[in-house]
Amino acid sequence: MSTTTLTPPLTKGETDDARISLRGHVRHTSALVRRNLLWIRQDPESMFDAVLMPIVFTLLFVYVFGGSIGQALGGGQDQYVQYVVPGMMAMMSMNIAMAVGTGFNQDFQNGIMDRFRTLPIGQGSVLFAKIVVELMRLLIATTIMMIVGVLVGFDITDWGGLLAAVGLSALFGTSIMWIFLVLGVSMKSAQSVQAMGFLVLMPLQFGSSIFAPTKSMPGWLQGFTDYNPLSSLADAARGLMVGGPVAHDVWVTVGWSALITLVMAPIAIHKFRTKS
Amino acid sequence: MTRINENPGGAGSAVTVRGLVKHYGETKALDGVDLDVREGTVLGVLGPNGAGKTTLVRCLSTLVTPDAGSALVAGYDVVRQPRQLRRVIGLTGQYAAVDEKLSGRENLYMIGRLLDLSRKEARSRSDGLLERFSLTEAAKRPAGTYSGGMRRRLDLAASMIGSPAVLYLDEPTTGLDPRTRNEVWAEVKRMVGDGVTVLLTTQYMEEAEQLASELTVIDRGKVIASGGIDELKAKVGGRTLRVRPADPLELRPLANALDDLGLTGLATSTVDVATGTVLVPILSDEQLTAVVGAVTARGLTIGSIATELPSLDEVFLSITGQKASAPQDARPELEEVAV
């Protein structure tokens, strides 16, 4: 049989000139955001993590560790509340980001992704929509955590600083979402994405200044925690919300977020586009 | 390979595929496929599991980039103009690609918006398609609660939102019960009536016979035959004569009489007890006359007599020398008819 690769002339223009306008991108992304919001209406349990996790974790840490760590800080539980609530904001941004990977992976289990990828839309729209929805969940989780924090005694002294801290954790959370989108598109099942997520998140979160000051940790661990971006984010949030030096930690966090996003976002989009 | 219909893929060809190759490591999913689908017709791509049908559809719908060769769909190149191409195609795969958590209406509306319809257009088009595919009553329920047939119909409706010029149906009835399958066939026939060009992959001969006007048979990534369905049948050559004696008790004597006739080069006749008929393979009108003569000479009365073209199962068997999957009425004794 003949396997000649003759290339017939293109009859409707040589190149792919069907560029998508910015308005088109916005329209496509919002149609997909709408889809993910309808999911929540259909399956309210999917919001459990965003609603319950901040309540449970805040109460646990404040009442279990608050007394003893607070004492070590030279105060009591009240002092620990001021320490841990800004740190938990950093934790939230990581935990919520993980969910984006599992949800994205599930989409591939049925054929809906094939349908999206055969539509004339910018392929990034599918990913942007996931990130927009996840940011909404992150804001809900953070709001709930702050309410619980105030109820257990957190003192908001600087509203502007609070907003800045929320913005910073959203920025960092977004960069982590790109990592989980890459995992979601690469790994075989949602369970393995979740298992992998926990494996990475637990050491990162506990090996940081989120829950306790790093001064009492052994030297080798301090070496790790000092370079852990979660420490920078927690320290920056702390500085912004309750006062103290912030500039260095803010810039380190912004730098990490930018670096992770610049590396992972193109990988995620490319992997999504070429997944077969 | 056999190419009966030499269509150069010029004017009137909605899909033109030349030398398409896609390898997955050692596996040659597509090993140089040529085919044409004429505008407004249905081409059936027939082949057993693993023949490369799904890879072909995935290449033609920009989901997979071919290693070599070319493919034009409605004038657009699958590799160089994927976005324009996506505007003119619809795809319904083996697995219904709908969002199970969204209602039927929300699914269609979302795809309408992704296809740049205005809110109003997306809404009215969704409602129209729900109506047409008899899903209006279930429109507000999550698609996850739909039956298999409803889900497949929703999938077809989703493929039709953008009024595609070319529709790919990748084994559209695999896994459906016969009643649902008939429903899907009826819908596909309606779409074809509207002038859509369809590339249908299937492993069911009956499905190709029902829907397609032309056929490309592929096996192990290669085209092994192509042409009109009747042409392919004629190529296999033989017809089958189905003779029913007026008196059911004369079935056996009738079969004996036909065996004694000894038509050269053909398989012996077979008795189909279920329908009370004898099947005789023949090659020419002369042999038809000889059969009738022999029966009358024995004093037997013929109740009815009919000639049948070979089924596509037999066509496949005679081309590849192997059985196609899911034979519904395979008659292995006709194997000798092969040319």
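Two exercises on a predicted model follow, each with a worked solution.

Local features need pLDDT of at least 70 and side-chain atom pairs count only at pLDDT 80 or more, while totals for chains, interfaces and linings use all residues. Residues are numbered from 1 along each chain as its sequence is written, and chains are lettered from A in the order in which they are written.

**Exercise 1.** Find which residues touch the most other members of the largest nonpolar core.

Solution.
- A nonpolar core is a set of buried Ala, Val, Leu, Ile, Met, Phe, Trp, Tyr and Cys residues joined through C-beta atoms within 7 Å. Buried means that 20 or more other C-beta atoms lie within 10 Å of the residue's own, with C-beta atoms placed from the backbone.
- The largest core has 143 residues, and the members touching the most others are Leu181(A), Ala237(A), Val73(B) and Ala157(B).
- Helix α3 of chain A (residues 77-109) contributes the most to this core, 17 residues; helices are DSSP runs of H or I, at least four residues, and strands runs of E, at least two, numbered from the N terminus.
- Another core, of 12 residues, lies apart from it and includes Leu254(B) and Val295(B).

**Exercise 2.** State which strands pair with β2(B) (residues 13-24), and in what sense.

Solution.
- Two strands pair if DSSP finds at least two bridges between them.
- β3(B), residues 27-38, pairs with β2(B) in the antiparallel sense over nine bridges; Val15(B) is opposite Val37(B).
- These two strands form a hairpin with two residues between them, and Gly25(B) in the turn has a positive phi of about 60 degrees.
- β5(B), residues 68-73, also pairs with β2(B) in the antiparallel sense, over five bridges; here Val17(B) has Ala71(B) as bridge partner.
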